[in-house]
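Hi,

Here is the structure I said I would pass on. Have a look at it first, and my notes follow below.

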Amino acid sequence: MSASASRWPYLLLVIPFLGTLYVPLYDHVQPTILGFPFFYWYQLAWVPVSVLLTGIVYRLGRGADSADEAGS
Amino acid sequence: MSAALGVFLALFVLVTGLGFWASRWRPGDLNLLSEWGLGGRRFGSFVTWFLLGGDLYTAYTFIAVPALVFGQGALGFFALPYTIVMYPVMFMIMPRLWTIARDRGYVTAADFVEHKFDCRMLGLLVAITGILATMPYIALQLVGLQVVLAALHIGGSGTWADAPLVIAFVILAAYTYTGGLRAPALIAIVKDLLIYTTVLTAIIVIPAHLGGWAGIFGRIPAAKLTFPAPPPHSTGIYSGYATLALGSALALMMYPHTITGVLGAKSAGVVQRNAVFLPAYSFILGLLALFGYMAYVAHVNTLPQFQAGFKAYGPSYAVPALLMRFLPPWFVGFAFAAIAIGALVPAAIMSVAAANLFTRNIYKAFLNPGVSERGEARTAKIASLFVKVGALAFVLGVPEKYAIMLQLLGGIWIIQTFPAIVIGLYTRWPHRYALVLGWLAGMAAGTGMAASLSFKGVIYPLVIAGHTFPAYAALYALVVNLAVVMVATWVFNVLHIGAGQDGTLEAQPRGA
């Protein structure tokens, strides 16, 4: 665990909370996609987005955590 | 014998065979608790993904979430933000817990808390909370199993009505006894193949009968489809929905079956990679939630052939009825097997987790400190049987609504272990007795709020200066808990009451 610089990507993990927990942001029907009202496709779309964000944090953090991996 | 029943029984037999074979899979000395209760901490990314997937997305989820959407509309979709925000939390805290547990030979979160804060009482409280919260959760898995067995018309009448459920559970108890965590890990792989096939097929076939997605959503009343704007001086359903999602995510991370699944991984990296890829299940769950709308649009609850089922199980019957309405009988058997096996996997993990807690943090900590390693494993195996018999007796003897009430309370209770476990991973700042007091305050406040809602709901309308903030009672109770921890820590430190030694820093690990 070398530098505190490897900690900043963790801030990316906050984004899904903001995107999915502020309900007024998505509590409406329009615009629809393939018949899905906004309320539904918007929340479904957060699944791949959150995978991407966690994935980025994982990739960026590997340098810091690789010692732990090797030690197992 | 019908086609549905034939396919169902064939898959059940296959899974039973796998369950018993599991004790020989990746052989280890099953007379050791870390081998029986954690699979020897050897599961890689692939197996852990299935194990945690089978663990977190239970049969009850697959029945209850669409049932909630069927009955209440948009509110039921909270399962989606819930299972999205869960993974950043998992990514942050679980690799740390895994690393400490591996280094110190901890099998439960209560092991960690007990040694971190040098307080057996705190470990006991965490263990008891875990066991109390887990029992109704297992019971609800049985309810999921009961619903599909009833839909298949398995089971006679009178004294023999519950025989199939009892038989399924005895088989489950037997292979969990012999194989420990290995059994559900292996079965989880089959379960997921069945669930994914079922959901992806149904999601294509059923909308075609109902005029496509536009046709389905178009026939849902506007009041169900989205939320009403909050009334004046209130955050309305918005804060209820968001806090239910957030609180449920924090609570699920604290459940013993989650922690057991995580500690079975072979490295902290496996835990991290799973936090990245597990949301694939959330997508499936989101689609499954919409089965509730399909059932609504298809009016399955008004069809004569499903009257008895809805009368007995209420909205929980929506998904089974929907599948029977639109899919061929052999595929119904396949789908019901997926749900039934989806109940057995988490039930097995939950009973292993509860047994680990009993063995380490009640039996060894208080009743028999000198117990040998073999004695630990023996105790856990027997405890897992008691846990299952208890859950079975509960389901057969008590109306379903009480199991649901206790499950709602379980979520409020288990989140009260969050301060001790999660703060403990980062700092030893809280005083051990402050954590005990905080736990007491949180349990009392949460149970009190649930009681004020007659144990029927969990959204507590807090009124501050004329403004109403409806939110998940578990989160309010957690705030009470944390406030007490802070104030009491300050008081105990001023009074110079000993904080004990941090056992996680001892030079000599206790061994795996």
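Let me start with one residue: is Tyr363(B) buried, exposed or partly exposed? Bear in mind that this is a predicted model. Tyr363(B) has 19 other C-beta atoms within 10 Å, and a residue needs 20 or more to count as buried, so Tyr363(B) comes out as partly exposed.

A bit more on its surroundings. Tyr363(B) sits in helix H19 of chain B, which covers residues 329-367. Leaving aside residues up to four places away in sequence, Tyr363(B) touches Phe358(B), Asn368(B), Val371(B) and Thr379(B). Glu376(B) is 13 residues away from Tyr363(B) in sequence, and their C-alpha atoms are 8.7 Å apart.

Now chain B as a whole. It has 24 helices and two strands. Its radius of gyration is 23 Å, close to the 24 Å from the globule rule for 512 residues, so chain B is as compact as a globular protein of that length. The C-alpha atoms fill a box of roughly 70 × 65 × 45 Å along the principal axes, and 58% of the 512 residues of chain B count as buried. If you take the contacts in chain B with a separation of 6 or more, 84% of them are between residues 24 or more positions apart.

Last, the interface: 30 residues of chain A are in contact with 36 residues of chain B. On the chain A side, helix H1 (15-21) and helix H2 (38-70) each supply at least two residues, and H2(A) gives the most, with 15 residues. That side of chain A divides into 18 nonpolar, eight polar and four charged residues.

Cheers

How values were computed. Residues are numbered from 1 along each chain as its sequence is written. Chains are lettered from A and ligands numbered from 1 in the order in which they are written. This is a predicted model: local features need pLDDT of at least 70, side-chain atom pairs count only at pLDDT 80 or more; totals for chains, interfaces and linings use all residues. Helices (H or I, at least four residues) and strands (E, at least two) are DSSP runs, numbered from the N terminus. The radius of gyration is taken over C-alpha atoms; the globule rule is 2.2 Å times the number of residues to the power 0.38. A residue is buried if 20 or more other C-beta atoms lie within 10 Å of its own, exposed if 12 or fewer, and partly exposed in between; C-beta atoms are placed from the backbone. Two residues are in contact if their C-beta atoms, placed from the backbone, lie within 7 Å. Ala, Val, Leu, Ile, Met, Phe, Trp, Tyr, Cys and Pro count as nonpolar, Asp, Glu, Lys and Arg as charged, and the others, Gly among them, as polar.
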